Amino acid sequence: MSLSDEFLLTQFKQGDAGAFRELVERYTPPIYNLAYRLLRDPAEAENVTQETFLRIVTALDRLRLDIPFKPYIFRIAVNLCRDIGRKKKPLRFADLGDDPAPVETFADDAPPLWERLVDEELRAQLHAALDALPALYQTVIILRYAEEFSYEEIAQATSLPLNTVRTRLRRAKQQIRSRLEKRD
Amino acid sequence: MDIPHLTPLEIEQYAEQEVPATRRAAVDAHVAACDSCRAQATRHTRLTASLRALTRQAAPADLAARISTHVEQYLTQEQIRRTRVPLIASAMVFSFLLVLWFALEMIVAFQENGVLDFFTLYTNDPGLVSLYSWDAILALCETLPFSEITLTGFALITALVLAQQLVDTLRPRTPRPEGF
Ligand SMILES: [Zn+2]
């Protein structure tokens, strides 16, 4: 039974350095993964991960213990990635605005060819499809499926309204599907 | 089947287990009965399951340890910084008091040895100075209160350096600029 993030943070605020080490151990892998996927640069991903924790420490006095920690820490990381990304990869990080919904292509009954891929091949193609997504779509996909966020948590982590999260997630998956089908 | 098929949105909601409570029973029943909708839901579920199964890009093995060390170093510096503030502040106040004290001493000394009188004379009638012999001017210089001047200057520099230190120490450490 592991201790909750909020409990560890309270401990840390009371001077227990080990509690923060535990949080660093817990969140370094997912935050590095997010930053790496979004920025595709191992050095930048390391910087973002380190900077995320430093921002939490520098904001410690103002940090609220009554709000969930997980969306909060990801929100810092997402913002850092966006700030760096907008400078270094402006195209991938452009605001999506009100892009029209893509045509629903999967309503027909015929199973798409990707259905026949074995899991391993499918995963490889998914990775490629994911990498081709704009950063905003990629972010919601990673939060939802790699990190098991609820829609509410994604909304908190991305500062987006809940409905925008739903729409974005749906469109992200549609783009992934259409990419998989193009590859067939 | 006579009833309409599920919409793509409903299929997605079903696969994500996000069907609104009011529709849940109807959607479940339809999926159970309809091969076509079930096939689509299964397809969707397989896609999301594969997305869930994607492995994370592994972080360097020592990254967490390095970050912890960095954070602890930062916190230690912060601790030192905080304990230093009262010390620097009191040293600064003391130095400014010294400046006042030495400056007063200096003014008193200037008055005592007649240098001030000379300056008043000089500003009123600069031509008068040319009447002074070099010896007289040198004698005047020798009577200048050098130790008071030096002490005032020294205390002033010390006070300013301490004030600067205090500002530096009090300034919150801002996160590094973008790009690090
Ligand atoms: Zn149906």
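On the surface, B:Val93, B:Leu97 and B:Leu100 make up a nonpolar patch with about 300 Å² of accessible area together; such patches consist of residues with over 30% relative accessible area and no salt bridge, with nonpolar side chains joined within 5 Å. This is a predicted model, in which local features need pLDDT of at least 70 and side-chain atom pairs count only at pLDDT 80 or more, whereas totals for chains, interfaces and linings use all residues. Residues are numbered from 1 along each chain as its sequence is written, and side-chain values use heavy atoms, with hydrogens and water left out.

**Surface patch**
- B:Leu100, which lies in helix α4 (residues 63–112) of chain B, counts as exposed at 56% relative accessibility (exposed is over 50%, buried under 20%, partly exposed in between, with a 1.4 Å probe and protein chains only).

**Zinc site**
- The zinc ion has as protein donors B:His5 (ND1), B:His30 (NE2), B:Cys34 (SG) and B:Cys37 (SG), which lie 2.0 to 2.4 Å from it; donors are N, O and S atoms within 2.8 Å of the metal (3.2 Å for Na, K and Ca).
- The angles among the four donor atoms of the zinc ion are 99 to 125°, and the site is tetrahedral (four donors with all angles between 85 and 135 degrees).
- Because B:His5 lies in the segment before α1 (8–15) of chain B and B:Cys37 in helix α3 (residues 35–53) of chain B, the pair ties together parts that are 32 residues apart in sequence.
- B:His5 is partly exposed at 46% relative accessibility, whereas B:Cys37 is buried at 1%.

**Domains**
- Chain B is divided into domain 1 (8–53) and domain 2 (69–170), and the C-alpha centres of these two domains of chain B lie 81 Å apart.

Technical notes
Chains lettered and ligands numbered in written order. Tetrahedral: all angles 85-135°; square planar, octahedral: opposite > 155°, others 65-115°. Helix = DSSP H or I, 4+ residues; strand = E, 2+ residues; numbered from the N terminus. Domains from an automatic or database assignment. Patch = residues over 30% accessible without salt bridge, like charges linked within 9 Å, V, L, I, M, F, W, Y side chains within 5 Å. Areas by Shrake-Rupley, 256 points an atom, 1.4 Å probe, with all protein chains shown as cover. Salt bridge = Lys/Arg side-chain N within 4 Å of Asp/Glu carboxyl O.
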